[in-house]
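Student: I have a protein model open and would like to learn how to read its features. Could you take me through them one at a time?

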Amino acid sequence: MNYWINHCEKPRKRPEHLKWDVFISYRSLDRVWAIALYDMLTQVGYSVFMDQFVLVAGQGLASQLGRNLEKSASGVLIWSQNTADSRWVENELNLMSSRKNNSADSQFPFFFVVASLDGKEPPGLLGGDLYIDFKEYPDGPMGSDLIRLTCGLQGNPLNPEAVKQIID
């Protein structure tokens, strides 16, 4: 049933100063979908930061999120109508955009993907950021769109052979 997982991009070999292959940003109202994404990415071999599995209560939410985002090689921002009024998620979008811009010329650039759950785009989404609409997957990411997401986390184009096998 999940044969397409075999076609997903594996994580890049990250430098020692990074702890996570991917940081998942989401609003608690979208937690079920975020957990499904976490499960898919860990099956592919990613080390995934998701706040509910890592953060320590009472040690400063904002500072812990910021430190872990800085220790991440890439990010996924889950966006939906639930997210539109979240300052936390908007701040994480700004941090991811800043990381992407500041690392663009480095040997190990930061990449992130916007995963929309309902076709909504975050305000100010800049051209060149990978945006994937997952509204057809209410239970979590699957199929060729998950492959696109993992390619985006690497800054790689789609593997045409893998996509052809999935679509055919």
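This is a predicted model: local features need pLDDT of at least 70, side-chain atom pairs count only at pLDDT 80 or more; totals for chains, interfaces and linings use all residues.

Student: How many helices and strands does the protein chain have?

Tutor: Helices (H or I, at least four residues) and strands (E, at least two) are DSSP runs, numbered from the N terminus. Here the protein chain has six helices and five strands. Their order from the N terminus is β-α-β-α-α-β-α-β-β-α-α.

Student: What share of the residues counts as buried?

Tutor: Buried means under 20% relative accessible area, exposed over 50%, and partly exposed in between, with a 1.4 Å probe and protein chains only. In this chain of 168 residues, 45% count as buried.

Student: Which residues have the most contacts inside the largest nonpolar core?

Tutor: In soluble globular proteins, nonpolar side chains tend to be buried together. A nonpolar core is a set of buried Ala, Val, Leu, Ile, Met, Phe, Trp, Tyr and Cys residues joined through side-chain atoms within 4.5 Å. The largest one has 27 residues, and I24, L37, L41, V76, I78, L149 and L153 have the most contacts inside it. Two or more residues come from each of β1 (22-25), α1 (31-44), β3 (74-79), β4 (111-116) and α5 (143-154). With six residues, α1 gives the most. There is also a second, separate core of 13 residues, including L65, F110, F112 and V114.

Student: What is V76 in contact with?

Tutor: Contact means heavy atoms within 4.5 Å. Leaving aside neighbours within four places in sequence, the partners of V76 include I24, L37, M96, V113, L149 and L153.

Student: Which residues line the largest cavity?

Tutor: Rolling a probe the size of a water molecule over the atoms shows where empty space is left. On a 1 Å grid over the protein atoms alone, a cavity is a set of points where a 1.4 Å probe fits but cannot get out; lining residues have an atom within 4 Å of a point. The largest cavity holds about 40 Å³ of space, and its lining is P11, R12, D21, Y46, A73, S74, L153 and Q154.

Student: And what is the volume of the largest pocket?

Tutor: A pocket is an open set of grid points with protein on both sides within 12 Å along at least five of seven lines. Points are joined across faces, edges and corners, and a volume is the space filled by probe spheres set on them. The largest pocket has a volume of about 220 Å³. It is lined by 14 residues, with Y26, R27, S28, D51 and W88 nearest its centre. At least two lining residues come from each of β1, α3 and α4 (87-103).

Student: Is S72 buried or exposed?

Tutor: S72 is buried, with a relative accessible area of 0%. This residue sits in the loop between α3 (61-70) and β3. Not counting residues up to four places away in sequence, S72 touches L18, W20, V22, F23, R99 and F110.

Student: Where is D118 placed?

Tutor: D118 is in the loop between β4 and β5 (130-133). D118 counts as partly exposed, at 24% relative accessibility. D118 and F134 are 16 residues apart in sequence and 6.9 Å apart in space, C-alpha to C-alpha.

Conventions:
Residues are numbered from 1 along each chain as its sequence is written. Side-chain values use heavy atoms; hydrogens and water are left out.
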